[in-house]
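Subject: Structure for your review

Dear colleague,

Please find below the structure that I am handing over to you. I would be grateful if you could look through it alongside the notes that come after it.

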Amino acid sequence: MHLSTQHQDDREWRNSNYEKDIAYVTKQSRWILKFIGIWPAMLNDTAKVLSKITIGLNNFFLLFAIIPCILYITCDEKDTVIRLKLCGLLCFCVTSLSKYWALIARKPGIENCIEEVRADWKQVEVQKDREMMLKFGRTGRNLTILCAVFMYTGGGIYHTILQYAIGTFVDKHNRTVKPLVYPTYSALIDAQTSPVYELVYALHCMCGCVMYSVTTGACGLAALFATHICGQIDIIVSRLNKLVHGDTSKGRSTLNARLIEVVERHLRVLRFSAKVETILQEVCFLEFISSAFIICLVEYYCLLDWNESNTVSLTTYAILLVSLTFNIFILCYIGELLIEKSSSIGLCCFMIDWVQLPTKTIHDLVLIIAMSNSPVKITAGKIVDLSLFTFGSVLKTSLAYLSFIRTNVM
């Protein structure tokens with residue numbers, strides 16, 4: 001009677017708390033992804049229409065900056081150093097647009113994964129499970145906040161303070177030029193006259209907001225899903241620790257029932273991990289490929305400004321360098337965390353008092369250990385596993401590119 005009452009209390013507690021827990025762990029990601037129209041609109045048709053309108057507007061903001069910038073670099077600008085500076089900016093813009101399109105294409109899968117996250121929170125049975133999930137949910141939330149702080153701070157300074165520091169100047173043709181975040185092709189539009197200049201500058205700022213939101217949103221999604229997987233793995237480990245000596249919870253009174261629950265949870269985690277890896281593979285591939293090149297160029301810009309004693313520009317690029325480096329570090333750290341946590345299931349199977357189990361159950365544990373030998377991973381296009389080793393490789397590659405550019409340009 002006491003156990004039945006306790007189980008009923010757990011169920012009532014579960015149903016009254018899961019929505020607050022979901023809101024807590026997804027809050028930052030939800031805000032950012034709603035801004036770019038990626039967060040699933042689950043309420044009504046109006047929200048879905050607004051999401052489509054948001055996606056259309058954001059694509060317009062990005063293309064409004066990218067297309068004139070490409071034309072300016074190829075047709076108007078002749079200085080090699082300035083072209084090289086603009087190539088870094090253009091590469092970041094094009095990468096952000098490509099990541100945005102990848103997220104749009106994967107939106108149905110993102111919605112499905114978010115629904116699974118909601119279902120897992122709804123099915124939490126005891127306070128200890130909730131605490132384990134909240135522990136990793138808090139980690140994912142903090143990683144998203146850190147990424148947002150670095151990206152929006154660096155981008156905000158680049159779009160405002162750096163442009164103000166450049167100020168209005170007179171070019172070699174004796175024309176007064178007002179600074180723009182992204183250069184525009186003169187044959188398309190005369191952006192130096194008011195109110196065209198103010199309108200173009202505002203659209204460029206909106207483009208920057210979209211780009212930094214795409215980068216932060218992708219990182220936030222990876223953090224949300226990966227830390228949720230880690231929380232589920234911790235629950236599996238806790239069930240394994242109770243496999244031999246029993247569990248007083250309802251429905252787990254027999255060894256077979258406890259083993260079935262472990263296997264079902266493990267399979268669910270593996271299936272969910274496969275979905276997450278599929279959703280993120282294009283975004284991670286683009287981030288991995290572009291990071292080494294963009295970080296290298298920003299390092300080069302820092303060297304140029306150091307030689308020219310341009311303090312404002314140097315500070316801005318230094319903050320951007322930290323932001324970009326920290327962003328790829330977060331993705332690699334998340335990948336490393338997943339590998340480590342998923343491998344812990346096999347280790348736990350070995351560390352429990354398995355000698356006290358029946359032979360058949362021991363054989364089942366061997367299968368679980370075998371599955372754990374292929375740990376959960378996040379890959380860059382199924383080519384490179386994201387881990388701390390990969391992060392080191394990105395930094396070494398960027399330094400190699402920097403050495404090449406210094407030798408051939410400076």
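This is a predicted model: local features need pLDDT of at least 70, side-chain atom pairs count only at pLDDT 80 or more; totals for chains, interfaces and linings use all residues.

Helix packing

Two packed helices are described by the angle between their axes and the distance between the axes. Helix H4, residues 107-122, and helix H7, residues 196-241, have axes that come within 11 Å and cross at roughly 35 degrees. The crossing of H4 and H7 is left-handed. On the H4 side, the contact is made by Ile110, Cys113, Ile114, Val117, Asp120 and Trp121, while H7 contributes Leu221, Phe225, His228 and Gln232. Sorted by class, the contact of H4 with H7 comprises 7 nonpolar, 2 polar and 1 charged residues.

Salt bridges

Side chains of opposite charge can pair when their charged atoms come close. The structure holds 11 salt bridges, and three of these are described here.

The pair of Lys99 and Glu287 forms a salt bridge in which the closest N and O atoms are 2.5 Å apart. Because Lys99 lies in helix H3 (residues 80-105) and Glu287 in helix H8 (residues 255-307), this pair ties together parts that are 188 residues apart in sequence. Lys99 is buried, its relative accessible area being 2%. Glu287 is also buried, at 6% relative accessible area.

Glu282 and Arg106 meet through their side chains in a salt bridge, at 2.6 Å from N to O. This pair links distant parts of the chain, as Glu282 sits in helix H8 and Arg106 in the loop between H3 and H4, 176 residues apart. Glu282 is partly exposed, with a relative accessible area of 29%, and Arg106 is partly exposed, with a value of 25%.

A salt bridge also joins the side chains of Glu261 and Arg239, with an N to O distance of 3.2 Å. Here Glu261 belongs to helix H8 and Arg239 to helix H7, and the two residues are 22 residues apart. Glu261 is buried, with a relative accessible area of 14%, and Arg239 is buried, with a relative accessible area of 5%. Which residues are linked with Arg239 and Glu261 in a network of salt bridges? The network consists of Asp129, Arg239, Glu261 and Arg265.

With kind regards

Technical notes
Residues are numbered from 1 along each chain as its sequence is written. Side-chain values use heavy atoms; hydrogens and water are left out. Axes are lines fitted to C-alpha atoms, for helices over the stretch in contact, and angles run from 0 to 180 degrees between N-to-C directions. Helices (H or I, at least four residues) and strands (E, at least two) are DSSP runs, numbered from the N terminus. A crossing is left-handed if the near helix is turned anticlockwise from the far one by less than a right angle, and right-handed if clockwise. Contact means heavy atoms within 4.5 Å. Ala, Val, Leu, Ile, Met, Phe, Trp, Tyr, Cys and Pro count as nonpolar, Asp, Glu, Lys and Arg as charged, and the others, Gly among them, as polar. A salt bridge is a side-chain nitrogen of Lys or Arg within 4 Å of a carboxyl oxygen of Asp or Glu. Buried means under 20% relative accessible area, exposed over 50%, partly exposed in between (1.4 Å probe, protein chains only).
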